[in-house]
Amino acid sequence: MDGHVNASSSSRSGAGADGSGLSGAAERLERPPRRKQPRSSYGSNNQDQTDAAVLAVPNVAVRGGPSGSSRPARLSGGGAGPTPNENEEDQGLKYGAQHVIKLFVPVSLCMLLVVATINSISFYSSTDVYLLYTPFHELSPEPSVKFWNALANSLILMSVVVVMTILLIVLYKKRCYRIIHGWLILSSFMLLFIFTYLYLEELLRAYNIPMDYPTALLFMWNFGVVGMMSIHWQGPLRLQQGYLIFVAALMALVFIKYLPEWTAWAVLAAISIWDLIAVLTPRGPLRILVETAQERNEQIFPALIYSSTVIYTYMGTHYTPQQTEPAVTSSPSSSNSTTTTRATQNSLASPEAAVASSSSRTGNTNRTNPHHNQRDDSNVMAAEGMPLVTFKSNLRGNAEAAGFTQEWSDNLNDRVARRQIEVQSTQSGNAQRSNEYRTVTAPDQAQADAQEERGIKLGLGDFIFYSVLVGKASSYGDWTTTIACFVAILIGLCLTLLLLAVWRKALPALPISITFGLIFCFATSAVVKPFMENLSAKQVFI
Amino acid sequence: MTLPEFFGCTFIAFGPPFALFVFTIANDPVRIIILIAAAFFWLLSLLLSSLLWFAIIPLRDVLAFGVFFSVVFQECFRYIIYRILRSTEQGLQAVAEDTRVTDNKHILSYVSGLGFGIISGMFALVNVLADMSGPGTMGLKSGTELFFVTSAAQALSIILLHTFWSVIFFNACDTNNYLHIAYVIGSHLFVSLLTLLNASELYTATLLTNYIITILTGLLAFRVAGGTSRSFKKFVTCQ
């Protein structure tokens, strides 16, 4: 029972915290009418138009819920009759489209931060000190020696990652939440204070800005404490997301700085393979972690995960050990760094459906059973070292629930109820809030269950390694390579999310993106770059 | 002078595309994804043409050869993108929040064309911009000081041209209008080969011609998308 309550409460709190989400929903709800005006294809494509017309009716039926909000007129015509399954599918896809962007933005921001830092602070692009885990420093000019150095380094690093991952799972299995939590807090503490201080110092040095120690200490204290609070306890969602992105970028910079050049590439390749194994094999550690979390109905280590909506698992009153754990982001000190980081990497993307969120809606038949919902939060686990994308389709009793965001579910209900759009949006907002409250004080089981956490999640590890790839590419000073890597990673992420929508289970987010990124990085710097340089020197445009 | 020049050239080349992105693309997730996918396909075409250029060593210095095949590959990938978008239309309809994306087919072509254009402009200009931002260097071989500005202007015309070409091309494929397809490929080849003259600093000839072609192509794209002089007048007078 505990688990249930917690999960539900967390989800609610999330909903409450996520002002943006709500507003977004409201926006979306309100916008559609405007768009409705048919701007069909102008003259030339008659066939197209007819196509659209023919399709229109079927579409309505198929799309059911989601489309409802966006096209009221059709809905009214179409009726509410979609079968649950169809609804589920459509919502899944739709969910994907919206949330892909919600991941694109933070991933891009993180990469941007790393690339900007690499290009402005030379400290991070030169390697002079090495991590403990990479005893071979690739100092020999021989390519073959460099090659086995890189291989050996990455093997050592990977075995550390594997060991730490397994350690984490054992701890988790044994319910040693305090240890895990302490570990995560310690690592994020180090990142937020020590590494941030180093970053600040180099930043000031690069721009030749004088700053006195008292000011620097005051700034560091405020920055770090706010970060610890927002990551591990509570804070505005945007703030938390910002800190998570910053921490990931910092960690990526540490990797770029302290890993020998070829080792970094080897590690990127190795980590994506490990990711694949850990998430997809039946006995893979990450998979075990996810399944355990599901069994326990917990949400694990939310701090290791970037969530597009709500991360806070626990609200003040509800404070169960399980919930507490989630909070930390991994940030290893230099010594631990690798391991921890890996830990961080987990990424989950679990879009959860928030289902019938609003209490007000309770009346609707559409509502899913509350009871089913709870699992969602818990499912999402990111285990160490591997990024997962989890797509949780929750199934509520009703298929409609397939759920995605609360807004959606709200919309569905509303649609069914045929309520006014504006009313809807406001209601949903209020409803959520009220739920939240309730959660804190006295969890109403049914409703709590009904509400699921929504939003898509990506492990911080994915952020870190994407950024390492792009940062490393940009450290060679060629912008075309950087842009090519960036586009390739985003496309990889898109494909991963597409697969997520199709398969609906936790997926590793690294393999596709990193493979694309590596291919494009090397191909661009070896083949495309000379070609483009030739062209742009002669001002030839293709 | 370096920094102002950097910003000036950046805004010349990427200001209009950025405005287009912000006002027409950024609000719709599906369009952003299609934009990035188009950019990815352009990258693939560039990769193929670079490989060809790289593999045929004796012709490496003959840029016309590389340019020709690069244009051919780009148009091939434009066609591939067209096929993909048309075949996933059903799926898109399920995904798209904004029905206009699927109701008006020109939106898809516009978005993918802009993706082509933006990435192409970026690849052409981004390293030049990076050099521009400083530290300042003297013209070692007495190069012209117009180099940066003309590059930026040329990049803008290419970005816009790609957008127009995609609109025309997609529609032509829909309606089996081979004349338009030939026009797209032909004008692309012409513009690209014309820029070879930039090496001998004939900027007036190349830029002027390219912008004339850009405007003509824009007009054609406008017509193809169903615009008329009346609708334009209505648009201007905000009716």
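Helices (H or I, at least four residues) and strands (E, at least two) are DSSP runs, numbered from the N terminus. This is a predicted model, in which local features need pLDDT of at least 70 and side-chain atom pairs count only at pLDDT 80 or more, while totals for chains, interfaces and linings use all residues. Residues are numbered from 1 along each chain as its sequence is written, and chains are lettered from A, with ligands numbered from 1, in the order in which they are written.

Chain A comes to 22 helices and two strands. Of its 542 residues, 59% count as buried; a residue is buried if 20 or more other C-beta atoms lie within 10 Å of its own, exposed if 12 or fewer, and partly exposed in between, with C-beta atoms placed from the backbone. Two residues are in contact if their C-beta atoms, placed from the backbone, lie within 7 Å. Among the contacts in chain A with a separation of 6 or more, 83% join residues 24 or more positions apart.

An unreviewed UniProt entry puts the label "transmembrane region" on several spans of chain A, including 243–259 and 509–528. UniProt positions are given in the numbering used here, feature names are shortened, and annotations may be inferred rather than shown by experiment. In the model, residues 243–259 of chain A are 94% helix and 0% strand, with end C-alpha atoms 24 Å apart. For residues 509–528 of chain A, the figures are 95% helix, 0% strand and 27 Å between the end C-alpha atoms.

Chain B carries this UniProt label too, again from an unreviewed entry, on spans including 107–126 and 203–225. Residues 107–126 of chain B come out as 100% helix and 0% strand, and their end C-alpha atoms sit 27 Å apart. Residues 203–225 of chain B are 96% helix and 0% strand, with 32 Å from end to end between C-alpha atoms.

Now for how helices pack in chain B. Two packed helices are described by the angle between their axes and the distance between the axes. Axes are lines fitted to C-alpha atoms, for helices over the stretch in contact, and angles run from 0 to 180 degrees between N-to-C directions. Helix α3 (residues 63–87) and helix α8 (residues 178–194) of chain B have axes that come within 10 Å and cross at roughly 150 degrees. α3(B) and α8(B) are therefore roughly antiparallel (angles under 35 degrees count as roughly parallel, over 145 as roughly antiparallel, 65 to 115 as roughly perpendicular and the rest as oblique). On the α3(B) side the contact includes Phe68(B) and Glu75(B), and on the α8(B) side it includes His188(B) and Leu189(B). The contact residues split into seven nonpolar, two polar and one charged (Ala, Val, Leu, Ile, Met, Phe, Trp, Tyr, Cys and Pro count as nonpolar, Asp, Glu, Lys and Arg as charged, and the others, Gly among them, as polar).

The axes of α6 (residues 105–132) and α7 of chain B come within 8 Å and cross at roughly 160 degrees. That makes α6(B) roughly antiparallel to α7(B). Their contact holds 17 nonpolar, 12 polar and two charged residues.

A few single residues deserve a look. Tyr178(B) lies in helix α8 of chain B and counts as exposed, with 10 C-beta neighbours inside 10 Å. Asn176(B), in the loop between α7 (147–175) and α8 of chain B, has a phi near 55 degrees, a positive value in a residue other than glycine. Asn176(B) is exposed, with 8 other C-beta atoms within 10 Å.
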